[in-house]
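Work through each task first, then follow the solution step by step.

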Amino acid sequence: MPRVVMLTTCLAPGGAETQVFRLSLELSRRGWEPAVVSLLPPTSYVNALEAAGVAVFSLGMRPGRPDPRGLARLAAVLRRLRPQVLHSHMFHANLLARIARLFCPVPVVISTLHSAAESPSGADHRFLWSANLLPKPAAYPGTRWRDWLYGLTDPMADAVVAVSRAAADRHAACGAVRPGKLRVIPNGVDTAVFHPDPERRERVRREFGLQSEFVWLAAGRLMWKKDYPTLLRAFAGLRGATLLIAGVGPQEAELKGLAAELGIDARFLGRVDDMPALMNAADALALSSVVEGLPVALLEAASSGLPAVAADAGGVREILGGGEAGFVVPPGNPAALAAAMAKLASLPADARERMSRAARATAVTRFDLSVVVSQWEAAYRDMLENASQWT
């Protein structure tokens with residue numbers, strides 16, 4: 001089987017990083033020869049990857065500090081491994097992969113877009129919250145120079161793959177990629193790991209001291225893109241419910257302070273190692289993000305049979321459909337989010353059960369990891385058969 005190098009900006013807890021990890025393991029199981037290269041020193045998944053025979057390399061770069069030595073280190077790794085496919089993930093890795101092939105030719109280079117707006121942070125944060133809405137898809141502030149760099153280096157990639165149709169359409173609309181080389185392959189979820197389990201549900205709820213109250217779960221990094229303040233303010237309008245928040249991040253202290261100020265039953269769990277169990281303990285997922293690609297937490301919830309209320313960001317509608325598995329609300333709107341959460345929680349048990357089955361069916365048929373990896377295998381083979389002039 002051909003060798004595939006996964007180049008990722010970082011290897012840490014997060015949706016995109018989890019996809020790199022899962023894809024690498026499954027490709028290895030199917031006989032491919034994957035290796036993972038992280039621009040930043042990795043903090044997660046290394047032991048599991050190496051135990052599966054997947055080599056892991058670090059370029060030793062530092063956040064926010066351009067380092068030309070990273071390019072030299074990548075070229076050295078590529079000369080050593082001689083991959084047939086260089087598959088990059090996230091903005092910095094995508095650019096570096098394209099530039100690297102100028103110095104070390106690789107038959108196929110694929111860039112993956114994991115977000116509808118691959119933004120730095122600050123400008124988007126201030127704009128979105130001050131305006132209290134999500135800007136039009138073609139005009140995300142703070143992303144324009146990244147879109148320009150994507151467009152400039154677009155000829156150096158053989159294909160650009162977005163994790164959702166929403167992410168693909170935005171990047172095509174702003175000229176970051178030529179539509180003819182754009183594909184959509186979604187994120188995947190291991191539906192054998194994330195599945196409904198009544199016994200696990202009862203055990204975990206006992207451990208958390210949960211009884212008959214309706215339990216909402218939010219999962220993801222505690223950062224501006226997830227817009228937890230909107231979720232906390234929405235939850236403040238609900239009664240007889242508990243909110244579990246799984247994740248760590250730079251806004252943790254700020255969010256805990258807001259929860260205390262609002263006087264709500266929000267439990268910050270930090271990093272959770274057993275997410276399948278926690279998914280089973282909840283009754284529904286709440287997602288308040290203002291920027292997404294195809295939310296992994298929402299996929300994991302659907303696979304676990306959880307209905308959801310989610311802000312309309314990225315590919316959320318591609319998971320929830322027309323309301324069969326949950327409700328979609330405008331982003332940055334606590335009142336709309338609270339109303340939808342109250343509506344879902346008040347549904348009769350049989351209606352919520354239908355939502356649960358619909359969510360699970362969508363996860364199994366469209367987003368199961370084996371289905372997604374098969375799409376990647378087909379893409380690799382197709383592009384290797386039509387390898388570009390860079391070889």
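**Exercise 1.** Describe how helix H9 and helix H10 are arranged in this predicted model.

*Solution.* Start with the axes: those of H9 (residues 228-235) and H10 (residues 252-262) come within 10 Å and cross at roughly 15°. Next, classify the angle. Angles under 35 degrees count as roughly parallel, and H9 and H10 are therefore roughly parallel to each other.

From H9 come Tyr228, Pro229, Leu232 and Arg233, and they meet Leu255, Leu258, Ala259 and Leu262 of H10. Sorting the residues of this contact gives seven nonpolar, one charged and no polar.

**Exercise 2.** Which residues of the largest nonpolar core touch the most other members, and which elements supply this core?

*Solution.* Begin with the residues. The core has 31 of them, and Leu217, Met275, Met279, Leu298, Ile319 and Leu320 touch the most other members. Then trace the elements: those supplying at least two residues each include strands E8 (214-219) and E9 (241-246), as well as helices H11 (275-281) and H15 (349-366). The top contributor is H12, with five residues.

For a closer look, pick Leu320. Leaving aside neighbours within four places in sequence, Leu320 is in contact with Leu298, Ala308, Ala310, Ala325, Gly326, Phe327 and Val328.

Finally, keep the other core apart: a second, separate core of 30 residues has Phe268, Val329, Ala340 and Met355 among its members.

Note on methods
Residues numbered from 1 in each chain as written. Predicted model: local features only at pLDDT ≥ 70, side-chain atom pairs only at ≥ 80, totals over all residues. Heavy atoms only, no water. Axes fitted to C-alpha atoms, helices over the stretch in contact; angles between N-to-C directions. Helix = DSSP H or I, 4+ residues; strand = E, 2+ residues; numbered from the N terminus. Parallel < 35°, antiparallel > 145°, perpendicular 65-115°, else oblique. Contact = heavy atoms within 4.5 Å. Nonpolar A, V, L, I, M, F, W, Y, C, P; charged D, E, K, R; others polar. Core = buried A, V, L, I, M, F, W, Y, C linked by side-chain atoms within 4.5 Å. Buried < 20%, exposed > 50% of the residue type's maximum accessible area, 1.4 Å probe, protein only.
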